[in-house]
Amino acid sequence: YEAAPLPALENQPLNLAVQGSAAGSVPLDWSALPETVLLEKGGAAALRTELTLPEALEAPVQKGQAVGSVTVYAGENLLDTYNIYAAADAPKLTFPDAFGLLWQSLCGLG
């Protein structure tokens, strides 16, 4: 057996858009992904990953909430699936919040 490095993901965004929140987006926590996986010797060439992540999330989003996943395969064999988490809260935008943002925009404070 050998510890093979996990292949780099082609698109690994740092943030994900959140609709219906003043935050606009949340940072993503990729720390659940391992740097290496244990494979039979010589199996690293067949190692691949698939990213499942929505275009945007709907508010509210809580820190630590699973928002996507990375699935790891060795050839056609599923090895494991790792969650991607929201690294911050994105509360739902309320009317007072929206009014406050509008006011700041009109007064040139935002």
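**Close-up views of a predicted model**

**View 1. Pro91 in a loop of the predicted model.** Pro91 lies in the loop that runs between strand β8 (77-86) and helix α1 (95-107). The model shown here is a predicted one. Pro91 has a relative accessibility of 54% and therefore counts as exposed, since the term applies over 50%.

**View 2. The surroundings of Pro91.** When neighbours within four places in sequence are left aside, Pro91 is in contact with Gly20, Ser21, Ala22, Ala59 and Pro60. Gln62 can also be located in relation to Pro91: the two residues are 29 residues apart in sequence, and their C-alpha atoms are 7.6 Å apart in space.

View 3. Phe95, Phe99, Leu102, Trp103 and Leu106 together make a nonpolar surface patch of about 630 Å². One of these residues, Leu102, belongs to helix α1. The relative accessible area of Leu102 is 46%, so this residue is classed as partly exposed; the class covers values between 20% and 50%.

**View 4. Thr49 in strand β5.** Thr49 is part of strand β5, which comprises residues 47-52. Its relative accessibility is 19%, and Thr49 therefore counts as buried, because the limit for that class is under 20%. Apart from neighbours within four places in sequence, the contacts of Thr49 are with Leu6, Pro7, Leu9, Val70, Thr71 and Val72.

Definitions and conventions:
Residues are numbered from 1 along each chain as its sequence is written. This is a predicted model: local features need pLDDT of at least 70, side-chain atom pairs count only at pLDDT 80 or more; totals for chains, interfaces and linings use all residues. Side-chain values use heavy atoms; hydrogens and water are left out. Helices (H or I, at least four residues) and strands (E, at least two) are DSSP runs, numbered from the N terminus. Buried means under 20% relative accessible area, exposed over 50%, partly exposed in between (1.4 Å probe, protein chains only). Contact means heavy atoms within 4.5 Å. Patches are made of residues with over 30% relative accessible area and no salt bridge: like charges are joined within 9 Å, nonpolar side chains (Val, Leu, Ile, Met, Phe, Trp, Tyr) within 5 Å. Accessible areas come from the Shrake-Rupley method with a 1.4 Å probe; for residues, only the protein chains shown count as cover. A salt bridge is a side-chain nitrogen of Lys or Arg within 4 Å of a carboxyl oxygen of Asp or Glu.
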